[in-house]
Amino acid sequence: MVKVEISHTYAFHPLRVSRQGFFCSLLMGFLLLVVAYPIFLLLLNSFQTAQPWQSPRYGFEVWQRAYSAPGLLLSVYNTVRLVFTYQIISLILSILIAWLIARTDLPLKNHLETLFWISFFLPTLSTTLSWILLLDPEYGLLNKWIAALAFMEKGPFNIYSFWGIVAAHLLGHSIAIKVMFLTPIFRNMDASLEEVAQVAGSSTFSTMRRIFIPLMLPAVLAVFLLGTIHSLEAFEIELVLGVPFRFYVYSTHIYTMLQWEPAEYGAAAALSALVLLIIFPLIFLQRRYTEGRYFTTITGRYRQGLIRLGSWRYVGFAFVASVGCLLTIVPIFLLVTGTIMRHFGIFEMADAWTLENWRRVLTDPLFVRSASNTFTLALGSALGAAFLLPLLAYAIVRSNFMGKEVLDLVSWMPYAIPGILLGLGYIWLLLWTPGLRLLYGTVFALILVTVVKSMPVGVQILKSNLIQLGEELEEASRAAGGSWWTTYRRIVVPLSVQAMIVLAMLTFISGARDISTIVLLVTSQTRPLSVLMLDYIMDGSFESATVIALLVALLSTGVAFAARSFGFRLGITERK
Amino acid sequence: MRTTKMKGAASRKRLLILFLLIVLLGSFRTLEAQQTRSPWQPEWEKVAKGAEKEGKVVVWAVGGRLQRDWLVESFQKSFPKITVEFLTRADRAAPRIIAEQKQGLYLADILIGGTNLVEALLPAEALDPIPPALILPDAKDESKWVYGKFHYADDEQRQYSLLMRGEYLSFLAVNTKFADPSAFRSYWEVLDPKWKGKIAMQDVRAPGPGGGGAVFLLLNPQVGESYLRRLFTETGVVTTTDRKQAAEWLARGRFALGVFPDTEEIKRLGKDGFPVKVVPWHQFKEGAALSSGTHQLSLLKRAPHPNAAKVYVNWLLSREGQISQVKYALSPSLRLDVPEEVMKEVLEPWERIQSDKQLVMISQWKYRKYSSQVRNLAREHLK
C-alpha cells in the first residue's frame, strides 16, 4: 500500500496574497490610472466654472448650460429611434451572415468573410460620400437612371432622410464589424451540440434558433451593446446626412460643442456623462444574464463541423456575396476614383480627372515620416492590445478576484467618451502624473491612448471567446502541473488566437485611422498620416485626403491578410 | 647722371608710397564702414548665429498644406540651417499649451492662430511681447503697413498678437442658378421670406468667418442685434461648423445662399465650373470689416529656441515673409508693399485693401468682446 502524505505547507495565512490576486490588483491599478483617472479629470473639469488661468471654482453652470441647450431632448429622441433601428436590422443580418460563414458549407466563405473585413477598413466618410453620389435626391446617379425610365418622374431614393441615415450605417461599418466580431466566435461552436439536435429531428432553422442562438447569446448581447454604445458617440454620418434636413442626434450635439470657439470641453464632458450613466445599467444587465449560466462550446471533446445546406448553399452564397459586394464595391470604386478626381464624385465637369492629388501627397516632405509613424503607432497599438486586453478579459471572466466587476465596468468607460475629450484627459494625465511625463510627446503616449480607446471592443471580443471555453481544459493543465501562465499561454491563447487576431486588427486600423483621440497629443515628430490628412482637409483638398485614406486602407488590408493567414494556421482549423 | 641703381631705388620708393596710400585708404574705408554700420547689424548677426546653433524653431499654426508652404517651406528656403517644426490644430492648442507651461514645459516658440487662442493664452501669461524681438528695419518699419502702423488684436497693450492678414469678411455667396449675386445690396435682403429654408450658414459659434462677421453685424448701427435674431429664427437657416461642407452644399444646389462663406473654397469651386459666386463686400451698403482670421502672430513665453524665434518673427514680418503669405497662403496682407504681380495672381480687385477708407479690424479685442453676446444669441435661437 502506498502511503500518501499531504503537505500542509500551503496553510492559510491572512497576509498571503495569491499570485492571481496580486496580478489582478496590478491590473486594476493600471486600469484605474490609464482609464478611470483621465475620465475622472474630464468630469471634474466639467464642474469647473473658472477660466483655465484662474483659481478653480466649481459649480453646476456648465452642466446647466449643456443640458438646457435647445433641441437636446429632440436629439436624444432621434438618437434612440435611429440607433435601435439600424442596430436591430444590422444585428439580424450579421448573425445570419456570420452563421452562414462560420457554421455552414457555404462556398468561398473565407473570401466572403474577407469582404466584410475590407468594408470595415474603408473610411466612414468616403463610404458615406459614395452613397450620396448614388442616392442624392437631385444628383444621385441611381435616381437619375431611374428618372430616365419612361414611367418614372423622379428617382425614389433620398439619402438625406431618416432611412437614408439608417441605410448609410448598414452600408457602412454596422454590419461589417458585427460579422468580424461574431464569425470567430461562431466558429468555436462544438458541432456535436447541433448534431444532437438534428439527430433528434430538429430542422436546421430550428437548431439555429434553439441551440445555436441561446449559446451565442453572450456574444450577441456584447456586440449589440458595443454597437449601441458606439452609436451614441459616432457622428460622421449624421453630420453629413442629418444636418441638411435638420436632423440632429446626441453625438452631433457633443461634436458641435467641441467645434465651437472656445471649445466647450466641459459641456461635452457633461453630456458624455449621460452616456456613462446609460452604459453602467446595460453592463449590469449583461453580467446578470451571463452569470450563473454556461455557454461552453469548446471542451476537451470539441469537434468542429459544418452544417450541410444542400442546394440552399447557393442561395446563401448569393445573399452573403450580395451584401459583401454592396459594402465594398461601390465605396472602393469611389475611394479609388476619388483619388484621381478634381472634385470628389463629380464626373460631369470638364477636366474631371487628374493625378495632381497623388503628386501632392507623394511629394509632401512630411509624407514618408508620417507613413512610418503610422506603421509604428498602428503596430505598437495592435501588439499592446493583443498583449494587455486578453489578460484583462481573462481576469474578468476566469479569476475570482473580488474587483473583477470593477475591471469590467472600467474597461467599458472609454467608449462613452469622445476621442478628442479622451485626448485632453490624457494631456492632463501625462503632465500631472510623475513618471508618466516621460511619455509626453512620444509615440508611446499615442499607443497608450489608442489601446485604451480600443479597450471596450477588444475586451468584449475576448470575453465572448473565453466564455465559450470549457474550464476543464484549463483544469486539466493545472492538474498536470502547469502554472497559471503556462495554462494561459498553451491552452487559452491557441484557442483564442482568432479572436485575438480580430482584436489586433481592429486596434491596428484604429491606430492607423484615428484622428480625434490623438490629435491633441501629436507632435511634429510623431505626426501620423491621419493627422497629415487633416492638413489636406483644412485646405479643402478632400481628394488629396482621400489618397491618404486609400493608402491607410491598403496598409490595413495588407496587414490584415497576413494576420488572418497566420491566425488561421495557429488557431482551430476547420475539419474538411 | 642717374644710374640704374638710383632708378631702382626711386621706383621702390614710389611703390612703397603707393602701398602705404592703399593701406591708408583701406583703413579709412574700414573705419568709415564701421562708423556707418547700423546698430542693428551686430545684434542681428549674433541672433542669426545663435539661431543656426539652435537649429530649429517650433511653430504652432492651424495647419493645412498652404500654411505649410508659407510658414515652413518659404522660411527654410531663406534660412536653410533652421528647421521649422510645424505643429497643427493651433485652434485647439490652448489647453495643451497652458497645461504644459503650468508644468514648466516650454516646448514651442511661435504661435500663429486666431484671436480666440490669444484670448485664452494671454490671461494665462503664456505669451511674450513681440516688439523686443524685432531687429531688422524691414520688419520693424510700421510705415509699410496699413494706416502706417502695426495692428494688434490686443489693441490696448499692442504687444502680443500682431495681425498679418487683412481679408474682407464675406457675408454672402450664392448659387447662381437660384440667385443673382449682383441683386444683393443690403444684408436685410437675405431676410426676405423667399429665401426661407434655402440658406446655409457657417456656425457663428465655431472658428471661422461666422464669428467675426456676426460681431460686425451686431455692432453695425445699420444692422444690429435684431437682424441677427431674425436671421437665426425666421430664415430656417441650417448651420454647419464645416465651412467646406457648406460650400459644397451651395455648389450642389442644396441651398441657394451661403452666409459667412469660405471665400477661398467658393472661388475654387467657381473656377472649376460650379455655379457659385461670392457677393463682393462693397455691394452691401452697410459696409464690411477686415479680419485676420488665423494669421495672427504671437511669441510663446520662454521660447526654447529664442534666437531662432527672433529670426522667424523678423522674417515673417518682413516684405519677403508677407509676399510669401500672399503667394502661398493665398491671403491678403496688411502690409502694403507686396508687389502688384503677386497680388494679381491671388486676389480679385475688390479683395484688395482700400487703405484710404477707415476699416473695422474685427479681430481686435475691442470688438471681440462682443463675441459672447453673439454666441449667446446663437445658443438661444439656433437649433
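Biologist: In which sense do β7(B) and strand β10 of chain B pair, and over how many bridges?
Modeller: β7(B) and β10(B), residues 257-259, pair in the antiparallel sense over three bridges. Two strands count as paired if DSSP finds at least two bridges between them. Strands are DSSP runs of E with at least two residues, helices are runs of H or I with at least four, and both are numbered from the N terminus.

Biologist: What should I know about the model and the numbering?
Modeller: This is a predicted model, in which local features need pLDDT of at least 70 and side-chain atom pairs count only at pLDDT 80 or more, while totals for chains, interfaces and linings use all residues. Residues are numbered from 1 along each chain as its sequence is written, chains are lettered from A and ligands numbered from 1 in the order in which they are written, and side-chain values use heavy atoms, with hydrogens and water left out.

Biologist: Back to β7(B). Which residue stands opposite V174(B)?
Modeller: L257(B), in β10(B).

Biologist: And how many bridges join β7(B) to β11(B)?
Modeller: Three, and these two strands run antiparallel. N175(B) has V276(B) of β11(B) as its bridge partner.

Biologist: Which way do the side chains of β7(B) point?
Modeller: L172(B) and V174(B) point one way from β7(B), residues 172-175, and A173(B) and N175(B) point the other way. All of them are buried. Buried means under 20% relative accessible area, exposed means over 50%, and partly exposed is in between, with a 1.4 Å probe and protein chains only.

Biologist: What is the strand order in the whole sheet?
Modeller: β9-β8-β10-β7-β11 in chain B, an open sheet of five strands with mixed pairing. The edges are β9(B), 238-240, and β11(B), 276-278; each has a single partner strand, so one side of each is left without a neighbour in the sheet. On average, neighbouring strands here are turned by 20 degrees against each other, direction ignored. The axes behind that angle are lines fitted to C-alpha atoms, for helices over the stretch in contact, and angles run from 0 to 180 degrees between N-to-C directions.

Biologist: Are β8(B) and β9(B) parallel or antiparallel?
Modeller: Parallel, over three bridges, with β8(B) covering residues 199-202. A200(B) stands opposite V238(B) in β9(B).

Biologist: Zooming out, what is the radius of gyration of chain B?
Modeller: Chain B has 27 Å, whereas a compact globule of 383 residues would be near 21 Å. The radius is taken over C-alpha atoms, and the globule rule is 2.2 Å times the number of residues to the power 0.38. The C-alpha trace of chain B spans about 115 × 50 × 35 Å along its principal axes. Chain B has 15 helices and 14 strands, and 58% of its 383 residues count as buried.

Biologist: Which residues make the nonpolar surface patch?
Modeller: L15(B), I17(B), L18(B), L21(B) and I22(B), with about 510 Å². L21(B) lies in helix α1(B), residues 4-36, and counts as exposed because its relative accessibility is 51%. Patches take residues with over 30% relative accessible area and no salt bridge, joining like charges within 9 Å and nonpolar side chains (Val, Leu, Ile, Met, Phe, Trp, Tyr) within 5 Å. Areas come from the Shrake-Rupley method with a 1.4 Å probe, and for residues only the protein chains shown count as cover.

Biologist: Salt bridges next. How many over all chains?
Modeller: 29, where a salt bridge is a side-chain nitrogen of Lys or Arg within 4 Å of a carboxyl oxygen of Asp or Glu. One of them joins R65(B) and D364(A), at 3.8 Å from N to O. This pair crosses between chains, from helix α3(B), residues 65-78, to the loop between α14 and α15 (367-398) of chain A.

Biologist: Is R65(B) buried or exposed?
Modeller: Buried, and so is D364(A).

Biologist: What does the bridge between K56(B) and E85(B) look like?
Modeller: The N to O distance is 2.8 Å. K56(B) lies in β1(B), residues 56-61, and E85(B) in β2(B), residues 83-87, so the pair ties together parts 29 residues apart in sequence. K56(B) is partly exposed at 29% relative accessible area, while E85(B) counts as buried at 15%.
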